[in-house]
Amino acid sequence: MITRADVVIVGSGGLGAATAFYLARRGARNVALVEQHEIGSQTSPRAAGMVSCVRKTELLTQLIKLAVQRIRAFTDATGQPLDWVHCGSLKVARRRQDAAILEQDLERATRLGLDVASISPQEAHRLNPFLEADGVVATMRVRDDLYFNPAQVAVGFARAAEAAGVTLLPHTAVTRVLIERGDVVGVDTDSGAIRAPIVVDAAGAWTRQVAEASGIRIPLVPTMQQLFVTEPLPGVRADLPIVRIMDAAVYMRPCDGGLLWGVYEDDPRFFDMAALGPRFQIKDMPLDAAVLWRYAEDVRRQLPVLLKAPVREHRGGIPTVTADGQYIVGPTPAARGFFFASGCNVAGLSISPALGEALAAWIIDGAPPIDLTPLSPARFGTTSWSEDELRRQARWQDRHFYGAA
């Protein structure tokens with residue numbers, strides 16, 4: 001057990017591990033990556049592993065384009081494996097009001113340099129025969145999108161960080177961040193204190209628990225997300241485009257000869273991580289298959305395969321959803337040296353290379369390479385949501401991830 005570090009990162013999911021790796025690449029050596037369970041073992045490996053390049057803002061689009069570059073170069077940069085497939089995607093509108101939003105997406109994406117086009121429902125079916133044209137009003141094809149093996153990202157970044165000199169501390173729980181006269185001075189853990197002037201709260205589902213132990217409130221909610229992976233199916237190819245149905249918030253992609261599919265629910269389950277106890281792990285989360293089957297019924301005209309394909313895996317995670325649907329990245333004004341890398345909004349793993357790299361530069365240089373003000377914890381100011389209001393906002397943001405009206 002170490003007693004001193006220049007930077008302590010709490011949490012070894014995609015965001016925490018990427019930050020550790022990019023700190024090491026920039027020459028930082030006295031960095032500790034602290035994880036209460038196994039390294040990279042919680043929500044990150046249970047994600048869907050999809051990259052969506054058409055985002056709601058120019059900043060997010062810029063960041064995800066950078067993340068795609070880093071995903072493509074992951075093995076060269078880290079020496080660790082990452083299986084990815086450049087397949088493109090189909091974003092599907094079933095309602096006229098969503099078709100209008102799709103037109104806005106198309107204009108913005110084109111202006112920002114993405115390879116997108118409006119195509120007919122019949123052409124969409126030709127590109128992915130598992131998507132039927134019945135009930136489809138409009139479709140946008142995004143050639144830039146891809147998917148990857150989510151189990152390889154956090155672990156790969158962590159192993160590469162360790163090879164570059166970062167200290168990995170698995171099975172070490174941070175109980176609070178130590179703050180004296182407004183400055184971070186370290187962390188307390190169940191194995192002893194670590195003195196450090198900078199702490200990054202990248203604790204995923206436990207982000208609030210870590211922050212609130214030091215009197216800092218952050219408006220995000222640990223939120224249930226689950227998916228199915230089907231048995232191998234005739235006709236499934238690895239390069240079939242991802243399908244996203246806007247109003248149903250259902251997604252589907254190829255996975256090991258079968259199909260991986262899930263949904264952004266309209267009434268997801270939220271969690272109080274403190275109430276679950278210190279031994280709780282994401283693998284212990286109770287799953288609810290009935291939720292997924294309900295949404296499969298909703299899209300049965302467009303994706304009838306979902307109701308027919310036998311399921312070989314049912315998994316889920318607890319990502320964090322914020323009140324405004326944006327990531328929370330950067331220093332908090334509540335304490336000097338206290339940084340956040342959280343608020344993934346069920347899309348953190350895909351963008352983690354870009355956010356981790358930017359946060360590492362922010363820590364080393366004192367400023368990020370691009371303006372991340374819209375993601376800063378400071379944007380919440382003195383706003384104090386009640387828990388009910390926070391959950392209401394998070395519920396809306398989760399359901400409307402694809403921008404449906």
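Visitor: What are the ground rules for the model and its numbering?
Guide: The model is predicted, so local features need pLDDT of at least 70 and side-chain atom pairs count only at pLDDT 80 or more, while totals for chains, interfaces and linings use all residues. Residues are numbered from 1 along each chain as its sequence is written, and side-chain values use heavy atoms, with hydrogens and water left out.

Visitor: At what angle do α2 and α11 pack?
Guide: Helix α2 (residues 58-72) and helix α11 (residues 352-365) pack at about 100 degrees, with axes 7 Å apart. That makes α2 roughly perpendicular to α11. Angles of 65 to 115 degrees count as roughly perpendicular, under 35 as roughly parallel, over 145 as roughly antiparallel and the rest as oblique. The axes are lines fitted to C-alpha atoms, for helices over the stretch in contact, and angles run from 0 to 180 degrees between N-to-C directions. Helices (H or I, at least four residues) and strands (E, at least two) are DSSP runs, numbered from the N terminus.

Visitor: Which residues make that contact?
Guide: On α2 they are Leu63, Leu66, Ala67, Arg70 and Ile71, and on α11 they are Pro353, Ala354, Leu355 and Glu357. Contact means heavy atoms within 4.5 Å.

Visitor: Change of topic. How many salt bridges are there in the whole structure?
Guide: The search finds 28. A salt bridge is a side-chain nitrogen of Lys or Arg within 4 Å of a carboxyl oxygen of Asp or Glu.

Visitor: What does Arg94 form a salt bridge with?
Guide: The partner of Arg94 is Asp247, with the closest N and O atoms 2.8 Å apart. Arg94 lies in the loop between β5 (89-93) and α4 (96-111), and Asp247 in the loop between β16 (242-245) and β17 (250-255), so the pair ties together parts 153 residues apart in sequence.

Visitor: Are those two buried or exposed?
Guide: Both Arg94 and Asp247 are buried. Buried means under 20% relative accessible area, exposed over 50%, and partly exposed in between (1.4 Å probe, protein chains only).

Visitor: And what about Asp256 and Arg312?
Guide: Their side chains meet in a salt bridge at 3.8 Å, N to O. Asp256 lies in the loop between β17 and β18 (258-263) and Arg312 in strand β19 (residues 311-317), so this pair ties together parts 56 residues apart in sequence. Asp256 is exposed at 65% relative accessibility, and Arg312 is partly exposed at 31%.

Visitor: Which residues are linked in a network of salt bridges?
Guide: Arg208, Glu212, Arg217, Glu387 and Arg391 are linked that way.

Visitor: On to the core. Which residues touch the most other members of the largest one?
Guide: Ile9, Leu63, Val200 and Leu375 do, in a nonpolar core of 87 residues. Helix α1 (residues 14-25) gives the most to this core, with eight residues. Such a core is a set of buried Ala, Val, Leu, Ile, Met, Phe, Trp, Tyr and Cys residues joined through side-chain atoms within 4.5 Å.

Visitor: What does Val200 touch?
Guide: Leaving out residues up to four places away in sequence, Val200 touches Val7, Val8, Ile9, Val10, Phe339, Ala341, Leu359 and Ile363.

Visitor: Where is Ile363?
Guide: Ile363 lies in helix α11 and is buried, at 12% relative accessible area.

Visitor: Where does Ala20 lie?
Guide: Ala20 is in helix α1 and is buried, with a relative accessible area of 0%.

Visitor: Last one. What is phi of His171?
Guide: It is near 55 degrees, a positive value in a residue other than glycine. His171 sits in the loop between β9 (167-169) and β10 (174-180) and is partly exposed at 48%. Val346 also has positive phi, near 60 degrees; Val346 is in the loop between β22 (338-342) and α11 and is buried at 18%.
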